[in-house]
Amino acid sequence: MHVIPGDPIRAMLGPKATEEMVSMMRHQLGLDRPLLTQYFDYLFNLLHGDLGNSITTRRPVTYEIALHFPITLQLTLGGIIIAAILGIYSGVISALKENKLADHAARIYAFFVYSLPVFWLGLMFQIVFGKMLGVLPIYGTLDPFIDRPPFITGMVVVDSLITGNLPAFFNSLEHMILPWLTIGLLLSATISRIARANMIEALGEDYVVGARAKGTPESVVTYKHALRNALLPVVTVIGLQFALLLGGALLTEYVYSLNGMGSLLISAIYDRDFPLTQGIVVVFSLLVALVSLSIDIVYAFLDPRIKY
Amino acid sequence: MFSEIGRKFKQSTKSDRVLVSVGLVLVVGVILLGVFASYVSPHGPYDMGENRLAPPSGQNLLGTDYLGRDILSRIAYGTRISLLVAALAASVSLVLGAGLGLFSGYFGGHLDRVIGLMMDALYSFPVIVLAIMMAVMLGPGVTNTAIGVGIALTPSYYRVTRSLVLSVKERGFIEGVRAIGAGDLYTMGHHILPNCLPSLAVLASFNMAEGIISVAGLGFIGLGVQQPTPEWGADLKIGRDVLAYGAWWVSLFPGLMILVMVLGVNMLSEGANALFKLGVRRR
C-alpha cells in the first residue's frame with residue numbers, strides 16, 4: 001500500500017504545509033522508519049489487539065471498526081434470514097415438484113438471480129421503490145428527524161427495539177428492507193440449489209421408503225424426516241458463501257449509503273488511510289476464518305453422526 | 001475431438017442442452033454486439049450532445065446521460081472494454097494459477113506448502129475486497145484493473161490445477177516418462193498439462209462471469225476503468241449519480257448488459273460442466 005501515489009500526510013495537513021511540517025508529522029507517526037520495522041511493529045501490535053490509529057481521524061482503528069461493524073452485522077444477519085427463507089422455500093418446493101413446471105421455474109429464478117450484479121439490483125430497487133413508487137427510503141439507516149437510539153449493540157434496529165423507541169424501530173426497519181432484500185436475493189439462489197439437491201436426495205433415501213411403507217402420512221414424511229436432513233448442508237453453504245456475502249454486503253452498503261465496514265473501507269481507500277484500510281482487511285480475514293470454524297462446529301452439533 | 005463433443009451432446013439431458021444452447025446464444029450475441037459496435041451505434045460513445053439526461057426517444061433509443069452521450073452507443077462500445085478487461089483478467093489468473101498449481105503439485109514439498117498457504121489466504125477473501133486492494137495498489141485504469149482482478153481470481157485455478165496434477169501423478173506414468181529421461185518442464189508441459197485443459201476451460205468460463213462482475217463492480221465504485229472510457233460498471237456509477245433526477249435509463253441498460261452476459265456465461269459453463277461430466281466446482 002505504500003507504493004501508491006497520494007500522500008496522506010499532505011492530505012491531512014493541507015496545501016499550505018511546509019516540508020518541515022510534513023517530515024515532522026511523518027516522524028511523529030513513525031512513518032519514516034524502515035518498512036520492515038514498521039511491518040514487525042504492526043504484527044506485534046496486532047497480537048495485542050492494537051491495529052494502530054487512523055490517519056484521518058487520529059482515533060484507534062479498532063474504535064472506528066467497532067463503530068461501523070454493527071451496521072454490517074445488521075445487514076448481513078437480515079440478509080441471511082431472508083436468503084434462508086426464500087432459498088429453502090423455493091428449494092423444497094422445487095424438490096417436491098421435481099421436473100414439473102414449478103421446479104423449472106424455480107431453477108430458472110435461481111439461475112437468474114445468481115447472475116445479477118448485486119450493486120445493479122440495489123440501484124434498480126432504489127429507482128423503483130424509492131424514486132418511482134416513493135414508498136421506501138433508499139439511503140442510510142434512519143431518517144435524520146427521528147431520535148436515534150443509544151449505541152448499545154450498534155445495530156439500530158435492535159437498539160431501538162431494546163429501548164422501546166418504536167418510531168425509530170419502524171423507521172429503521174423501513175430503511176433496511178431494501179438492503180436486506182438486495183443481499184438476501186443474491187444468497188437465496190445458492191441456498192435454493194443446495195436445498196433442492198439435498199431434499200431430492202433425502203426423499204430418495206431408504207428411511208423415507210420405510211416410513212411410507214409404515215403408512216406415515218406424506219406430510220409427516222416430508223417435514224419430519226426428509227426436511228431436517230436437507231437443512232443441514234444449507235448451514236454449511238452459508239458458511240462457505242460467507243466471503244461472497246461480505247463482498248455483497250460491501251457493495252450493498254455503498255449503494256444504500258449504510259455506514260458499515262464496507263463503506264468505511266471504501267472511504268479509507270479514497271483517503272489513503274493505510275492503517276484503517278489494513279485494519280479493516282485484517283478484520284475481514286479474521287471474520288471469514290472465524291465463521292468457517294464456527295460453521296464446522298455448528299454442523300457437528302446438528303448432525304449427531306459427526307464426532308470430532 | 002468434435003465428434004466426441006457431438007456424441008456427448010446427444011447423450012446429455014434436455015436441461016443441459018438447453019443451458020448450453022441458450023448460454024451460447026447469449027454469449028455470442030453480446031460478443032457480436034461488441035465486434036459490430038460501430039454499426040449498431042447511431043453515435044459515438046464519447047460524442048456529447050445538447051440533449052442531456054433525455055429519456056429514450058427516437059433520436060436516442062436508450063436515452064442519454066448527463067453529458068448528452070447516447071446510452072446505446074456507450075453500452076455497445078462498452079461491450080468491447082468490459083469483455084476485453086474481463087478476458088485479460090481471466091488470462092492473467094489462468095496463467096498464474098495454472099502455472100503455480102503445476103509447479104506446486106509437481107514438485108511438492110516446501111514449495112507446495114508455502115504457495116498453498118498463500119493461495120488459501122487469498123482464496124478465503126471476497127473477490128471484490130481483493131480486487132479493491134489490488135486496485136488501490138496498482139491504481140485505476142484498464143490494464144491495472146485487469147491485472148488486479150486477475151490476481152484476485154488466481155487461487156481457484158491453482159487449486160484445480162494442483163489437484164489434477166496430483167491425480168495424474170497417482171497414475172504413475174509420470175515416473176515412467178521420467179525414467180526414460182524426460183525433463184521436468186517437458187513432463188509438465190507435454191504430459192500433465194493436456195489432462196488439465198478441459199477442467200481449466202470450464203473453470204475459466206465460471207471465472208469469466210466473476211471477472212465481468214468484479215470489473216464492473218470496481219468501475220461502479222470508481223476504482224476500475226475511468227471516465228470517459230465506456231464500461232458497463234463505470235456507466236452504472238453515472239447512473240447512481242443521476243438517480244436523484246429520476247433518470248432510470250442511465251442505470252437500467254448498462255446493468256442489463258452485465259446481467260445478459262453473466263447469465264449467458266453461467267449457463268454456458270454450467271451446461272458444459274454437466275455435459276462433459278467434468279465436475280468442476282465453482283467457489
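I81(A) counts as exposed, because its C-beta neighbours inside 10 Å number 12, and a residue with 12 or fewer falls in that class. The model is a predicted one. I81(A) sits in helix α4 of chain A, which covers residues 61–96. Along the chain, I81(A) and G184(A) are 103 residues apart, yet their C-alpha atoms are separated by 7.4 Å.

Helix α10 of chain B, residues 232–241, is largely enclosed by the rest of the structure, because 8 of its 10 residues are buried. The cut-off for a buried residue is 20 or more other C-beta atoms within 10 Å of its own. The buried residues of α10(B) are W232(B), G233(B), A234(B), D235(B), L236(B), K237(B), I238(B) and G239(B). They pack against helices from both chains, listed here.

Between the two chains, 30 residues of chain B are in contact with 30 residues of chain A. On the side of chain B that touches chain A, at least two residues each come from α6 (127–138), α9, α10 and α11 of chain B. The largest share of that side is supplied by α11(B), with 9 residues. By class, the side of chain B that touches chain A consists of 21 nonpolar, 8 polar and 1 charged residues.

Definitions and conventions: Residues numbered from 1 in each chain as written. Chains lettered and ligands numbered in written order. Predicted model: local features only at pLDDT ≥ 70, side-chain atom pairs only at ≥ 80, totals over all residues. Helix = DSSP H or I, 4+ residues; strand = E, 2+ residues; numbered from the N terminus. Contact = placed C-beta atoms within 7 Å. Nonpolar A, V, L, I, M, F, W, Y, C, P; charged D, E, K, R; others polar.
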